[in-house]
Amino acid sequence: MTTNPQFVEKWVRILNDVDREMSCIAAAKLAKTNDPAVIPHLIKALKNRPEDVRVAIIRALGNLKHRSAVPALTPLLRDSSVLVASMAADALGEIRDPSSVPALVGAVRAYKQLYNSYSRLHTGERGVYLAALTALQRIGTVEAQQAVKQYNR
């Protein structure tokens, strides 16, 4: 699907603006186009933005459900913001690309290792774990299902 270039240009400009609320709206507008051509603009806008804008962009990438966003989303599973990491896992679950399984398994494994080491963790870290488990269930490959069985205890 292709979208009116003026529409995309307008919302990309707003996406990159300093107004955080408008940037979040722009991310949602771009996602509603269902046009994979907007993905590079969204990925570029992820850099050096406040948490709320990054979350809106990640949500938009997940809503687009296009595998070209996977390489930008997988490193976010290790983001210092628990909210960003959780949303990245959610987005990967929406996209359902099997290439994201190793990164999601890594996120689940990291949580389990920390949990075993410290016996209790902040709820935010558990949120990343649960989001990654859910994403693995949605992807549903044999490898993903094995990881869910292994780490969902």
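## Arg-54 in helix α4

Arg-54 belongs to helix α4, which covers residues 51-64. The structure described here is a predicted model. Is Arg-54 buried or exposed? Its relative accessibility is 15%, so Arg-54 counts as buried, given that buried means under 20% relative accessible area.

Leaving aside residues up to four places away in sequence, Arg-54 is in contact with Leu-46, Arg-49, Leu-76, Asp-79 and Val-84.

## Leu-73 in helix α5

Helix α5 runs over residues 70-73, and Leu-73 is part of this helix. Leu-73 has a relative accessibility of 0% and therefore counts as buried.

Which residues does Leu-73 touch, not counting those up to four places away in sequence? They are Ile-58, Leu-61, Ala-88, Ala-91, Leu-92 and Ile-95. A distance can also be given for Leu-73 and Met-87: they are 14 residues apart in sequence, and their C-alpha atoms are 9.2 Å apart in space.

## How α1 meets α2

Helix α1 (residues 5-15) and helix α2 (residues 20-32) have axes that come within 8 Å of each other. The two axes cross at roughly 150°, and the crossing of α1 past α2 is left-handed.

On the α1 side, the residues of this contact are Phe-7, Val-8, Trp-11, Val-12, Ile-14 and Leu-15. On the α2 side they are Met-22, Ser-23, Ile-25, Ala-26, Ala-27, Lys-29 and Leu-30. Sorted by type, the residues of the contact comprise 11 nonpolar, 1 polar and 1 charged.

## Two asparagines with positive phi

Asn-34 lies in the loop between α2 and α3, where α3 spans 39-45. The phi angle of Asn-34 is near 55°, a positive value in a residue other than glycine.

Asn-48 is located in the loop between α3 and α4. Its phi is positive, at about 55°, although Asn-48 is not a glycine. Is Asn-48 buried or exposed? With a relative accessible area of 81%, Asn-48 is exposed, since exposed means over 50%.

## Ser-100 between α6 and α7

Ser-100 sits in the loop between α6 and α7. Although Ser-100 is in a loop, its relative accessibility is 0%, so Ser-100 counts as buried.

The contacts of Ser-100, not counting residues up to four places away in sequence, are with Val-70, Thr-74, Leu-92 and Ile-139. One of these residues, Leu-92, is also touched by Leu-73.

## The largest pocket

How much space lies in the largest pocket? The volume is about 240 Å³. The pocket is lined by 13 residues, and those closest to its centre are Leu-77, Ala-110, Leu-114, Glu-125 and Val-128. Two or more lining residues come from each of the elements α6 (82-95), α7 (101-118) and α8 (123-139). The largest share of the lining, 4 residues, is given by α7. By type, the lining residues are 9 nonpolar, 1 polar and 3 charged.

Ala-110, one of the residues closest to the centre of the largest pocket, is in helix α7. Its relative accessible area is 36%, which means that Ala-110 is partly exposed. Ala-110 and Arg-78 are 32 residues apart along the chain, and their C-alpha atoms are separated by 9.6 Å.

## Val-148 in helix α9

Val-148 is found in helix α9, which covers residues 142-151. The relative accessible area of Val-148 is 7%, so this residue is buried.

Which residues does Val-148 touch when those up to four places away in sequence are not counted? They are Leu-133, Leu-136 and Gln-137. Val-148 and Ala-132 are 16 residues apart in sequence and 9.3 Å apart in space, taken from C-alpha to C-alpha.

Note on methods:
Residues are numbered from 1 along each chain as its sequence is written. This is a predicted model: local features need pLDDT of at least 70, side-chain atom pairs count only at pLDDT 80 or more; totals for chains, interfaces and linings use all residues. Side-chain values use heavy atoms; hydrogens and water are left out. On a 1 Å grid over the protein atoms alone, a cavity is a set of points where a 1.4 Å probe fits but cannot get out, and a pocket is an open set with protein on both sides within 12 Å along at least five of seven lines; lining residues have an atom within 4 Å of a point. Grid points are joined across faces, edges and corners, and a volume is the space filled by probe spheres set on the points. Ala, Val, Leu, Ile, Met, Phe, Trp, Tyr, Cys and Pro count as nonpolar, Asp, Glu, Lys and Arg as charged, and the others, Gly among them, as polar. Buried means under 20% relative accessible area, exposed over 50%, partly exposed in between (1.4 Å probe, protein chains only). Contact means heavy atoms within 4.5 Å. Axes are lines fitted to C-alpha atoms, for helices over the stretch in contact, and angles run from 0 to 180 degrees between N-to-C directions. A crossing is left-handed if the near helix is turned anticlockwise from the far one by less than a right angle, and right-handed if clockwise.
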